[in-house]
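I opened the model and kept notes as I went.

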Amino acid sequence: MRHPSDAIPTAARPPWGELLDLAEAMHDLAERATTAEGGPALDDLVRLTVERIPQARWASLTALRKHGFGTEAATDERATLADLLQYEMGFGPCVEAVRDDSVYVSGDVTRDERWLEWGVRVHGDLGVRSVLSQRLRLRGDVGVIAGLNIYSDAADAFDEHARAIGLVLATHGGLLLNTMLANDRVRNLQRALESNREIGVAIGVLMHGHRLSQTQALDVLRAASQDSNRKLADLAVEVVDTGALSIRGWTATPGTRLTQDRAG
């Protein structure tokens, strides 16, 4: 949950016109994201973050997946390096915002006891002085946890106004990422179905043309995939197109059984 000191009083929030303008920009971004795969929409999100938050210099989007933390998009290499240092050290505002489902703000990372070692290093190496990190609201079944990170080289850069804008960006950013992840799952499912269809047809071709059982035909495809270091689906397309399949040391041509070459 958000730390009490990070709460944003209603009276301090930006004018409605600014919020509506920002929401409209995010809506346009979300519409473009429905036809884009991955990077471009997230690049637009972090770019918009820097444009809309006063004193923001760099921004990034952190994602926690099964294999660990990674930066999905960044406006500048310095944001990526500031993130990477946190991943390597195992602590820092963006890492803890994602883990704790919180908002973390620091006006001077060189004096912030929560991440002092990181703060001193990131300031000395990259010039970062202030940071605002917050977790995005994602569906629980997407297998990803993410956070929006905003960096500045100015002290006390992110006041209540900036936090309010950041909250709007994070809210819409979560919706955007949810949409993108759902689209990715649909595309992956479509590709898997297409691959499975080709593999099924190839098994049928091998069974009919070389008098193999279903299990034998699948074993042949797997052996060819391993031998040639090619994807099973790519080999399946070849079989469907030519009716033949070559494996080192073996021969399978239309009308014959799979036989082992003497040289093999």
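**Entry 1: the hairpin**

I started with a hairpin: two residues link β1 to β2. I noted that this is a predicted model. How many bridges join β1 to β2? I found six, between β1 (residues 58-65) and β2 (residues 68-74), and the two strands run antiparallel.

**Entry 2: overall content**

I then stepped back to the whole protein. I listed eight helices and eight strands. Of the 264 residues, 42% are buried. I also looked at contacts between residues at least 6 apart in sequence. In that set, 60% join residues at least 24 apart.

**Entry 3: the five-stranded sheet**

In what order do its strands lie? I read β2-β1-β5-β4-β3, an open sheet of five strands with antiparallel pairing. β2 and β3 (103-106) are the edge strands, each pairing on one side only. I got an average twist of 20° from one strand to the next.

Helix α4 (residues 93-100) packs on this sheet. I saw α4 touch β1, β2, β3, β4 and β5 (145-152). The direction of α4 makes about 20° with that of β4.

**Entry 4: pairings across the sheet**

I went through the remaining pairs one at a time.

- β1 and β5 pair antiparallel over seven bridges. I picked out A59, whose bridge partner in β5 is I150.
- β4 and β5 also run antiparallel, joined by six bridges. Here R135 has G147 of β5 as its bridge partner.
- β3 and β4 (residues 130-135) are antiparallel too, with four bridges.

**Entry 5: α3 against α5**

I turned to helix packing. Two packed helices are described by the angle between their axes and the distance between the axes. For α3 (residues 77-89) and α5 (residues 116-126), I noted an angle of about 150° and axes 11 Å apart. Angles over 145 degrees count as roughly antiparallel, and α3 and α5 are therefore roughly antiparallel to each other. Their crossing is right-handed.

Which residues make the contact? From α3 I listed R78, L81, A82, L85, Q86 and M89. From α5 I listed E117, W118, R121, V122 and L126. I sorted the residues of this contact of α3 with α5 into seven nonpolar, one polar and three charged.

**Entry 6: α7 against α8**

α7 (residues 214-228) and α8 (residues 232-242) pack at about 115°, with axes 9 Å apart. That makes α7 roughly perpendicular to α8. I noted a right-handed crossing for α7 and α8.

On the α7 side, the contact uses L221, R222, A224, S225 and S228. On the α8 side, I found L232, L235 and V239. The residues of the contact of α7 with α8 divide into five nonpolar, two polar and one charged.

**Entry 7: W58**

Is W58 buried or exposed? Its relative accessible area is 3%. Buried means under 20%, so W58 is buried. I also looked up W58 and R78, which are 20 residues apart along the chain. Their C-alpha atoms are separated by 7.3 Å. R78 is one of the α3 residues in the contact with α5.

**Entry 8: positive phi**

Last, I checked backbone angles. I noted two residues other than glycine with positive phi, Q55 and D101.

Q55 has phi near 70°. I placed Q55 in the loop between α2 (39-52) and β1. Its relative accessibility is 46%, so Q55 counts as partly exposed.

D101 has phi near 55°. I placed D101 in the loop between α4 and β3. With a relative accessible area of 22%, D101 is partly exposed.

Technical notes: Residues numbered from 1 in each chain as written. Predicted model: local features only at pLDDT ≥ 70, side-chain atom pairs only at ≥ 80, totals over all residues. Heavy atoms only, no water. Axes fitted to C-alpha atoms, helices over the stretch in contact; angles between N-to-C directions. Parallel < 35°, antiparallel > 145°, perpendicular 65-115°, else oblique. Left-handed = near helix turned anticlockwise from the far one by under 90°. Contact = heavy atoms within 4.5 Å. Nonpolar A, V, L, I, M, F, W, Y, C, P; charged D, E, K, R; others polar. Pairing = 2+ DSSP bridges. Buried < 20%, exposed > 50% of the residue type's maximum accessible area, 1.4 Å probe, protein only.
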